[in-house]
Amino acid sequence: MEDLMFDLASQPQSAWQSYVSEYVPQSLREAVAHLADEFTAAYLLDCLILEKGLRSRLLSNSTRQANTPLTTDERSDRFAVLLRLWAEGCHTVVDERLFADTVRRRPDELEALREYFRQNALRSKKKFPS
């Protein structure tokens, strides 16, 4: 597993931050815009983890597990693995432990994303009546 990881701290900050900033869709930014004064790459990455977890319907299972919070190094390592996988085309991969940790750290963002998805689902149903 060691060869799959790269240390975010050892990468030029602009390299991974630029990737994250480009990868995060505008809709995700809109969903949490009222919660953030500025969109740092770390904040956007947290929101992206939440968005991918919600889309994968991880919420009920992974957040019920009694895990200790991840350390900064553990989070960094897990982010690095995900960034590499996403860059290689594995766009739906989600780290359940990282998702659960992010849910605990960013409950307001989770709620904002859930509400955004609900509203979009309702709009889609109105456009395509059955």
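Select Leu 54, Arg 55, Arg 57, Arg 114, Phe 117 and Arg 118, and you have the lining of the second largest pocket. This is a predicted model, in which local features need pLDDT of at least 70 and side-chain atom pairs count only at pLDDT 80 or more, while totals for chains, interfaces and linings use all residues. Residues are numbered from 1 along each chain as its sequence is written, and side-chain values use heavy atoms, with hydrogens and water left out.

A pocket here is an open set of points on a 1 Å grid over the protein atoms alone, with protein on both sides within 12 Å along at least five of seven lines; a cavity is a set where a 1.4 Å probe fits but cannot get out; lining residues have an atom within 4 Å of a point.

The pocket's volume is about 160 Å³, a volume being the space filled by probe spheres set on points joined across faces, edges and corners. Now colour helix 3 (41-55) and helix 7 (107-127): each supplies at least two lining residues, and helix 7 gives the most, with 3. Helices are DSSP runs (H or I, at least four residues), numbered from the N terminus.

Next stop: the cavity. Select Ser 27, Leu 28, Glu 51, Arg 55, Leu 113, Tyr 116 and Phe 117 to show its lining.
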